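Subject: Structure handover

Hi,

Here is the structure I promised to pass on. My notes follow below it.

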Amino acid sequence: MIDFTWKIAGEAGFGIMTSGLSFSKIASRSGYYIFDSIEYPSLIRGGHNAYQVRVTDKKLSCQKEMIDVLVCLNKDTYEKNKQFLTENSFVIYDKEDFEIKENFKKIALPIKKVINDFKASILMRNTLTIGASLALLGGEIEVFLKLIGEEFAKKGEQVVDFNQKTALAGYNYVKDNYSDKIVNWLDKKSAKEKLVLTGNDSFSLASIVADCRLYCAYPMTPSSSVLATLASWQEKTGMIVRHPEDEISVINTAIGASFAGIRAAVGTSGGGFSLMVESISLAGITETPLVIFLGQRPGPATGMPTWTEQGDLLFAIHAGHGEFPKIVLAPGDVEEMFELTLKAYNLADIYQTPVIIISDMYLSESHQSIEKELIDKLISDYQIDRGKLINNLKTKVENSNLKIKSFLRYQISNDGISPRLIPGVKGYYYQANSYEHLEDGHTTEESLPRKQQVEKRNRKITTYLSKDFQLPKFYGDENAELVFVSWGSNKGIILEVQKKLREKNIKTGFWHFSYLYPLDKKKIVSIFKKDKKYILLENNSWGQFGKLLAAETGIVINDKILKYDGRQFMPEEILIKLI
Amino acid sequence: MTQSSINDFTGYSPTWCPGCGDWGILTALKQALTQLNLDPSQVVFVFGIGCSGNMNDFLNGYAIHSLHGRAIPNAIGVKLANHKLPVIVIAGDGDCYGEGGNHLIHAARGNHDITVIVHDNRVYGLTTGQVAPTAQKGFKSKSTPSGIIEVSVNPLSTVLTNGATFVGQGFSGYMVDLVLLIKEAINHKGFSLVNILQPCVTFNKINTYQYYLQRVYKLDEVYEQSNFQLALEKSLEINQEKFPLGVIYKEDRPTFNDSLNQLKEKTLLEKDRFKNFELLENEFI
């Protein structure tokens with residue numbers, strides 16, 4: 001069984017992120033599954049950047065703690081990471097930089113010398129060390145050379161040649177000097193074609209599939225790459241991507257566009273989301289569909305911008321003054337991100353209300369490999385459902401003397417949902433009113449219509465719970481006494497923990513929640529059993545989902561494993577707490 | 001469809017104070033729209049919050065009655081989605097120059113093709129008489145009993161220096177000119193601001209009809225609308241309590257939407273759905 005972790009690290013600002021992704025793609029193209037994650041401070045230069053890729057020959061869902069191949073671009077890398085090395089770990093380093101006294105498998109590569117001899121840029125260290133890594137791991141250099149060809153094609157043949165030459169130099173050096181150390185961990189094998197996606201990539205791609213036509217955002221880690229990705233595609237896809245003056249403008253632009261009849265989304269993190277909150281309430285009362293992508297990072301305030309946390313769940317659920325329906329979904333991995341993003345656009349249109357997709361830095365910025373056919377299946381199965389939108393743009397007014405009429409935009413209905421007419425349809429008009437309103441949108445402060453509209457909006461929740469709410473997914477052994485309860489990006493980590501426990505003959509169950517709000521009390525109460533031991537696992541310090549579950553269903557989970565240092569869980573640290 | 005009439009646009013009876021400048025603005029706007037051959041189903045209004053925004057119920061048309069300060073980004077969104085519809089923002093001075101001031105500057109920069117009509121009465125009427133950002137220094141109000149310390153914002157020079165391609169100023173007492181000005185602003189391709197001086201008969205006892213009648217003047221026919229320096233000078237005359245009326249500045253510059261290749265053929269709303277997902281998936285292999 002192949003299961004190893006390769007990590008490259010060094011000073012920020014020297015292309016480590018790009019080269020790490022290259023390694024992930026090489027492994028994926030060589031037929032393996034990958035899960036990678038990055039560490040970087042909120043700086044452009046200096047500080048420690050790291051890119052860690054776990055490679056396996058079976059589907060995998062998270063990182064492991066120990067490193068099998070460490071590529072050190074400086075001494076600091078070695079000092080920071082040696083605690084994660086075993087005597088079987090390889091260390092690729094430059095003797096000119098530092099010496100290693102400890103007993104690891106040392107691969108001394110003359111990095112500085114080659115770079116000087118080639119008169120190459122310091123960025124080429126990455127190419128050189130990936131070449132060396134491939135030789136050590138028994139991979140095929142051709143996979144890397146082809147990737148270089150694709151990635152540098154725009155920069156011309158000379159740049160491609162030079163990069164390929166550097167990659168080969170690293171590859172050959174290890175082949176020539178360390179042939180006794182070479183392992184067969186990256187043998188090229190045939191496998192199904194895979195995509196290497198982050199949560200943000202998955203959201204971006206799914207948004208295009210869902211026919212979102214306006215994406216509006218102000219850059220904020222960890223959501224920024226959605227903005228960059230969708231912007232880079234806009235000439236191809238025809239989508240408009242707007243980066244306005246602030247997040248208030250972001251959400252109000254999207255609300256305006258959605259009112260005008262197109263699917264629109266916004267993306268942000270906690271701080272930007274805070275600025276959007278008043279307007280979420282506007283979308284609520286005007287019953288304007290809107291998809292909000294919330295990539296969490298540790299707060300409060302600026303917090304730890306480039307790290308991860310699940311600290312905004314209760315905030316998201318309660319965002320917006322007044323009472324109005326809101327749907328909150330939390331994908332657990334890139335596949336669920338794709339599926340739930342597609343779903344979110346439909347739900348926003350059907351229920352004419354904001355739908356929040358809650359991610360975090362760990363899900364948003366870690367790459368996972370996923371079989372392309374899985375994504376293709378999700379795409380071909382997808383049906384756009386725009387709910388009660390009336391899209392008769394081409395309908396002509398039959399009677400030319402027809403008096404222009406007000407349209408009953410907020411018509412009272414049993415399911416709480418009213419017909420929505422695309423503005424511009426001839427012969428009608430209505431207003432989407434931020435004030436409480438009558439069925440035709442005119443302002444009212446009267447008791448009865450107020451009550452009727454509040455109840456109409458509330459009925460959307462009932463309709464959602466009966467038609468679209470999904471119970472959490474269960475993983476593991478149904479008879480197990482020990483059952484994990486969690487949500488969002490902890491999914492993959494808990495699945496790995498369950499696997500390790502199974503190896504020790506410990507059976508566990510796991511309820512993974514992704515339809516977080518509103519919650520269906522009746523259905524949820526029925527899945528929780530008195531004779532089981534439930535453990536709540538969350539990447540925050542309050543156990544926010546536990547609070548939500550207690551408030552909505554009365555179920556109280558006393559045993560909690562919480563982590564709030566800005567890092568995701570590692571399976572090993574959970575195991576230590578359990579055994 | 002038969003030609004629209006003013007009555008088509010007429011909604012509920014206004015709840016404004018008798019004598020309020022808002023009446024004149026509403027009448028002028030309805031006349032302008034009718035003269036432009038628009039009917040209520042062919043136009044989108046975005047109303048801010050305040051006495052001005054309350055026009056939402058008095059004027060028929062597709063509309064968003066937005067939040068305080070946020071009408072401009074809503075309007076930009078509508079225009080991005082369907083650039084065939086004229087989009088008109090109705091806002092107040094506190095709304096547009098205070099709470100939503102940032103949006104105003106950036107909408108001007110972007111030359112978004114929307115018309116922003118601001119009711120400038122230099123006071124907050126709906127919240128019963130606090131100071132507005134356009135109030136004269138020293139103005140005493142419920143929130144500034146000893147007189148406002150800040151100097152007034154200058155809406156005309158603010159948008160001028162931030163890229164607005166149409167800057168106009170009207171007076172709610174001069175209806176005929178106001179109709180012409182609003183029509184020209186709606187017809188202008190690009191961002192247009194129409195600042196309308198209007199007395200608040202209830203809460204502003206300084207900037208009254210008499211005050212304005214003595215201080216406003218119409219720009220004459222030889223005034224060069226495309227002269228930026230001249231426009232800037234005109235915009236600064238407020239410091240001497242002089243108020244030029246008419247088109248202060250006008251220039252042709254591609255609008256935000258004109259610069260988007262995505263909108264070259266159809267509106268965002270009318271476009272066919274993009275379906276070549278394979279093209280995008282390939283980037284992740």
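In β22(A), A:Gly509 is the bridge partner of A:Gly476. Strands here are DSSP runs of E of at least two residues, and helices are runs of H or I of at least four, numbered from the N terminus. β20(A) and strand β22 (residues 508-513) of chain A pair in the antiparallel sense, over four bridges. Two strands count as paired if DSSP finds at least two bridges between them.

A note on conventions: this is a predicted model, where local features need pLDDT of at least 70, side-chain atom pairs count only at pLDDT 80 or more, and totals for chains, interfaces and linings use all residues. Residues are numbered from 1 along each chain as its sequence is written, while chains are lettered from A and ligands numbered from 1 in the order in which they are written.

Back to the sheet. Five strands of chain A form an open sheet with mixed pairing, in the order β20-β22-β21-β24-β25. Its edge strands are β20 (473-476) and β25 (559-562) of chain A, each pairing on one side only. From one strand to the next, the twist averages 25°. Helix α18 (residues 544-553) of chain A packs on the sheet. The direction of α18 makes about 130° with that of β24(A). Such angles run from 0 to 180 degrees between N-to-C directions, with axes as lines fitted to C-alpha atoms, for helices over the stretch in contact.

Next, where the chains meet. The contact takes 60 residues from chain A and 46 residues from chain B. Contact means C-beta atoms, placed from the backbone, within 7 Å. On the side of chain B that touches chain A, α3(B) gives the largest share, eight residues. Strand β19 (residues 431-433) of chain A runs parallel to β2(B), and three bridges join them. In β2(B), B:Ile64 is the bridge partner of A:Ala432.

The largest nonpolar core has 232 residues. Such a core is a set of buried Ala, Val, Leu, Ile, Met, Phe, Trp, Tyr and Cys residues joined through C-beta atoms within 7 Å. Buried means that 20 or more other C-beta atoms lie within 10 Å of a residue's own, exposed means 12 or fewer, and partly exposed is in between; C-beta atoms are placed from the backbone. Helix α12 (residues 334-351) of chain A gives the most to this core, with 11 residues.

Lastly, α4(A) is mostly covered: 14 of its 14 residues are buried. A:Gly138 follows α4(A) and has a positive phi, near 75°.

Best wishes

Note on methods. Contact = placed C-beta atoms within 7 Å.
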